[in-house]
Amino acid sequence: MTAPTVTPAQAAAQSLDTGAALLHVELALTGTGTWREAHEAITRAAAEPVDASPSGCLLHGAPALAFVLHASQADGQPRYRDAAAALGRHVDRIARQRLDAARTRIASGKPGTFSEHDLFYGLTGIGAVLLRTAPAGDALGAVLGYLTQIVTRPLTLDGIQVPGWWAARDPDPLHPTPGGHANLGAAHGAAGILAFVSLAAINGHTVDGQHEAIAMLCDWYDRWAQDTPDGRWWPEWLTLSDLRAGRSGQRGPGRPSWCYGTPGIARALQLAAIATTDPARQAAAEHALAASLAPGRLATLTSPGLCHGLAGAYQAAARAAADAITPALASRLPGTAAVLTAAASTSTGSPALLTGDTGTRLAAETARRSAAPISGWDACLLLA
C-alpha cells in the first residue's frame, strides 16, 4: 500500500461519504443484510490503491477505510485483520505528518483552517478514527495534546483575542467573514473538538490540560448561549465583529441540524458534562436538545440526511437519550423517529452518507431497532 495520487473516481470509491460500505456493514450485523453484500461494498472501496498520503482524513483514504474495517469487527469477528493492521500503520503515519504541519503553523502564530483541525478533514477526525481503531497508541495522545493546545492557547488578531481553533476562512462562500471566524458547529468547529476530547476522557484517554480544555470550551458555549422561551440555541459561527461587539449577529436559531445546530452542540455539551461529572450542565444540554426537536422546530429541517437534516438530529437525540438523566429527550424520540421513517421511505436520488440515502437509512435502522448501532458507525459524527 503506497501513497498514490488517486483519480476522482478512485477517491469517490474510497470515500466514507460517497461509499455505502458502512450501511452494508450495519445491515449485516443486524441481520437485515448479508455479509456478502458488505464484503462487496468493502471490496469496491479497496479495489484501487488506497490513498495513504497526508490528505487522508475521516472522509477519505486510509483513515476512512480503517474506520469501515473496524466497524465490520464490531461483533468480535476478526474480519480483514491483516488489511486493518496495514491501514492502521498508515493512519498513524498520516496523523504524525498532519501534526508536524500543525505544529509548524502554530509556531508561525497564524490561525489554521478547517483542514487542519475539523472533524471531516482535519485532526479531530483523525483522532476519531484512532479512538476507535488504536486507542492504546501514542498517536491518539499526540492528537489530544494538539487539540488541547489549540483550545487552551488563544490567538490575537487585529487586537482581538480569538480562540486557537479560529478558522482563517469563510464558513461558506455566501457568508464572507473578513479575518476568519470561530465555528461553533460539530462538523467543522468547536463542538466537534469538545465531543472528541470528552469521548476520549470518558474512555480513559487523557493528556495534561485536557480537562482544562473541556472547561474552556464549555465556558465558550455558556458565553454565547442564546436563551429564549422556546429553548436554548447557539450561533453557527462568530466573526471578529461579533467578538468586538460582544454579541452575535445571528438573530435567531438556525435549523436544528447535527452539523451546525443545537443537536450536535448539545450532544457535545452532554458528553462534556458526563466526562466532568456535571449533572447541571448535562440536564441543561438535554433540555436544549429536546427543545430543538419540538414539532415546529423539526419542521424547519427540509432534508432527511445526516449532516443537515432529520437523520442527524434523530441520531444525536437517540444517543443523548440513552445517556440522559432527564426525561426530556425520551419524550421527543417517538415523534422524531416517525418523521424520519416517513422521510426515509422516499429516495433523495443520492447514495451519500452525509446528505443522501445512506445516512438516512442508517439512522432509520437505529429508529427501527430502538437500539444503538451495532457497528458504531455514528462515531464518525462523534455521537458515541
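# Learning to read this structure

Q: At 16% relative accessibility, does Trp237 count as buried or exposed?

A: Trp237 counts as buried, because its relative accessibility is 16% and buried means under 20%. Keep in mind that this is a predicted model, and each value here is computed from it.

Q: What should the 15 residues of helix 8 span?

A: A handy check is to compare an expected span with the distance between the ends. At 1.5 Å a residue, helix 8 (residues 138–152) should span 21 Å, and its end C-alpha atoms are 21 Å apart, which agrees.

Q: Which residues of the largest nonpolar core touch the most other members?

A: Here is the general idea. In soluble globular proteins, nonpolar side chains tend to be buried together. In this model the largest nonpolar core has 127 residues, and those touching the most other members are Leu16, Leu22, Trp165, Leu194, Phe196, Tyr221 and Trp258. Helix 9 (residues 190–202) supplies the largest share of this core, with 10 residues.

Q: Which residues is Leu194 in contact with, leaving aside its neighbours within four places in sequence?

A: Looking past sequence neighbours shows you which other parts of the chain a residue meets. Leu194 is in contact with Ile214, Leu217, Cys218, Tyr221, Ala268, Leu269 and Ala272. You can follow one of those contacts back from the other side. Ile214 is in helix 10 (residues 210–224), and at 1% relative accessibility Ile214 counts as buried. Besides Leu194, the residues that Ile214 touches include Val197, Ser198, Ala201, Ala275 and Thr276, again not counting residues up to four places away in sequence.

Q: Where does Ser248 lie, and which residues does Ser248 touch?

A: Ser248 lies in the loop between helix 11 (240–245) and helix 12 (262–276). Even so, Ser248 is buried, with a relative accessible area of 5%. Not counting residues up to four places away in sequence, Ser248 touches Trp224, Pro235, Leu238 and Asp242. Its side chain also reaches the backbone nitrogen of Gln250 at 2.9 Å.

Q: How many aromatic pairs does the count come to?

A: To read a pair, look at the distance between ring centres and the angle between planes. The count comes to six aromatic pairs. One is formed by Phe120 and Tyr121, which are edge-to-face at 6.2 Å centre to centre, with 85° between the planes. Finally, Phe120, Tyr121 and Trp258 form one aromatic cluster.

Q: Where does Arg79 lie?

A: Rings can also have a charged group over them, so check what lies above the face. Arg79 lies over the face of Trp35, at 3.6 Å from the ring centre. The charged end of Arg223 sits over the ring of Trp224, 4.2 Å from its centre.

Q: What is phi of Asp158 near?

A: When you read backbone angles, look for a positive phi in a residue that is not a glycine. Phi of Asp158 is near 50°, a positive value. Asp158 is in the loop between strand 1 (155–157) and strand 2 (160–162), and is exposed, with a relative accessible area of 62%. Leu382, also not a glycine, has a positive phi of about 55°. Leu382 is found in the segment after helix 17 (357–369) and is buried, with a relative accessible area of 4%.

Conventions
Residues numbered from 1 in each chain as written. Predicted model: local features only at pLDDT ≥ 70, side-chain atom pairs only at ≥ 80, totals over all residues. Heavy atoms only, no water. Helix = DSSP H or I, 4+ residues; strand = E, 2+ residues; numbered from the N terminus. Buried < 20%, exposed > 50% of the residue type's maximum accessible area, 1.4 Å probe, protein only. Contact = heavy atoms within 4.5 Å. Polar contact = N/O pair within 3.5 Å; in protein donor to acceptor, adjacent residues only side chain to side chain. Core = buried A, V, L, I, M, F, W, Y, C linked by side-chain atoms within 4.5 Å. Phe/Tyr/Trp six-rings, centres within 6.5 Å; stacked < 30°, edge-to-face > 60°. Lys NZ or Arg CZ within 6 Å of the ring centre and 35° of its normal. Expected span 1.5 Å × (residues − 1).
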